[in-house]
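Hi there,

Here is the structure I promised to pass on. Have a look at it first, and then read my notes below.

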Amino acid sequence: MLVFIISGLVILAYCSQASNERTYQEVVWAVCGKLTGVLCEVAIATYTFGTCIAFLIIIGDQQDKSEVPPQYPPPSPGGHAVGGKEHGTPAQGLAWARHSSGSSPSWLLGPLDRWRSQQRWRTTPCSSLASPSLLPPCAVIAVMAKEPEGAGSSPWYTDRKFTISLTAFLFILPLSIPREIGFQKYASFLSVVGTWYVTAIVIIKYIWPDKEMTPADILNRPASWIAVFNAMPTICFGFQCHVSSVPVFNSMRRPEVKTWGGVVTAAMVIALAVYMGTGICGFLTFGAAVDPDVLLSYPSEDMAVAVARAFIILSVLTSYPILHFCGRAVVEGLWLRYQGMPVEEDVGRERRRRVLQTLVWFLLTLLLALFIPDIGKVISVIGGLAACFIFVFPGLCLIQAKLSEMEEVKPASWWAMVSYGVLLVTLGAFIFGQTTANAIFVDLLA
């Protein structure tokens, strides 16, 4: 899988350099033609729009851990009384928010689907976060708004919709308006460090777990091969960086394919280590009761985990503008082609269009994120599109690039490259069809 992902990134860089185009959709348009280019633009716009919604939902999930629960769940055997009110066991007393979501795409989380279908409680306890200087103001506000136990309701400024909106307007919107994304390299480096920190915390908590953390049942094998394929949307969503890779490649001081190959290989190996460390250790720590967002499974009183949540918010704050940049470029290209104007002849109005496009995009994603709290449904829909960007379009670009070579005698390497391109397209089409059908009939229509 990792070989396919890295090779797709290298193919896109090669085609970008050969066609002298600076965005993903322009590369596909130049190499594969108009029809494929239009399909690519529609797919990018849909995917980046859905991903931006998912990022805002992630921000809300992390900030929810800062809120104080208005009440505890019903009492149960073995409960205890606090302030004259009966509560459940200490572990149950932490749970207050009832959620429902679609089935988890990972076979490792298979038991969680049954756990959710029974509408059991999940933990969303109160938090007091460490290092407030690392947090957005809304997260700090949520921490400062701590109420006494048994309070009837939380303050309005700790409401999920308010904190998401405040974070989005103060941080994401200003970062999304600029024309270029080169300035993001500094903030992105900090988010990478934060990702390493999250992985380290999850691994450490597995090796030295807290006393109150007891894992549930641990599944040793997938329930079926269908469950394995159902994990593909999450895998593709996690490793999909191809849409933004072309602008990043062209933002390099010296954009060379050989150098780029080394960069993306190192990046993917690091990403694989981060995902495996976090996923395996997080699952082994909590078993079937693990939350799809593993940080939500830890007690909020743990300050080290609270800092990890702050880093996740920071990572999302820097990732949203990059994906928005790619989506905005698609909208801009479609508009200019519809008007029949080349970019060079419409530079005077570019800033006005860019601000308008950014505001409309931002407001629509924000509104949908406020009313679609389940990130699982979003990922299940856009995960199939991620497979197209990783496999299908790079494979088509490779095939067309080799077919355009004017060689009378085709060497063995030429046939090998064409065959590899066909393999990429076939694999991507299968993953897209299977995951999209599953998302429609299982997650959306169920």
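Two rings of Phe, Tyr or Trp (for Trp, the six-membered ring) count as an aromatic pair if their centres lie within 6.5 Å. A search of the whole structure, which is a predicted model, finds 13 such pairs.

Let me walk you through a couple of them. A pair of aromatic rings is described by the distance of the centres and the angle of the planes. For Phe-4 and Tyr-420, the centres are 6.1 Å apart and the planes are at 35°, and this pair is tilted. Where do these two sit, and how far apart in sequence are the parts they tie together? Phe-4 is in helix α1 (residues 2-19) and Tyr-420 is in helix α16 (residues 412-444), so the pair links parts that are 416 residues apart in sequence.

Next come Phe-169 and Phe-362. Their ring centres are 5.0 Å apart with the planes at 80°, and since planes over 60 degrees apart count as edge-to-face, that is what this pair is. Phe-169 belongs to helix α7 and Phe-362 to helix α14 (residues 350-371), so this pair ties together parts 193 residues apart in sequence.

Now for some helix packing. Helix α3 (residues 34-64) packs against helix α15 (residues 375-403) at an angle of about 145°, and their axes are 9 Å apart. The crossing of α3 past α15 is left-handed. Sorted by class, their contact has 17 nonpolar residues, four polar ones and no charged ones.

Finally, the cavities. How many of 30 Å³ or more does the structure hold? There are three. Helices α7 (160-176) and α13 (303-339) each supply at least two residues of the lining, and α13 gives the largest share, with four. By class, the lining of the second largest cavity has six nonpolar, three polar and two charged residues.

Happy browsing!

Terms used: Residues numbered from 1 in each chain as written. Predicted model: local features only at pLDDT ≥ 70, side-chain atom pairs only at ≥ 80, totals over all residues. Heavy atoms only, no water. Axes fitted to C-alpha atoms, helices over the stretch in contact; angles between N-to-C directions. Left-handed = near helix turned anticlockwise from the far one by under 90°. Nonpolar A, V, L, I, M, F, W, Y, C, P; charged D, E, K, R; others polar. 1 Å grid on protein atoms, 1.4 Å probe; cavity = no way out; pocket = protein on both sides within 12 Å on 5 of 7 lines; lining within 4 Å. Points joined across faces, edges and corners; volume = space filled by probe spheres on them. Phe/Tyr/Trp six-rings, centres within 6.5 Å; stacked < 30°, edge-to-face > 60°.
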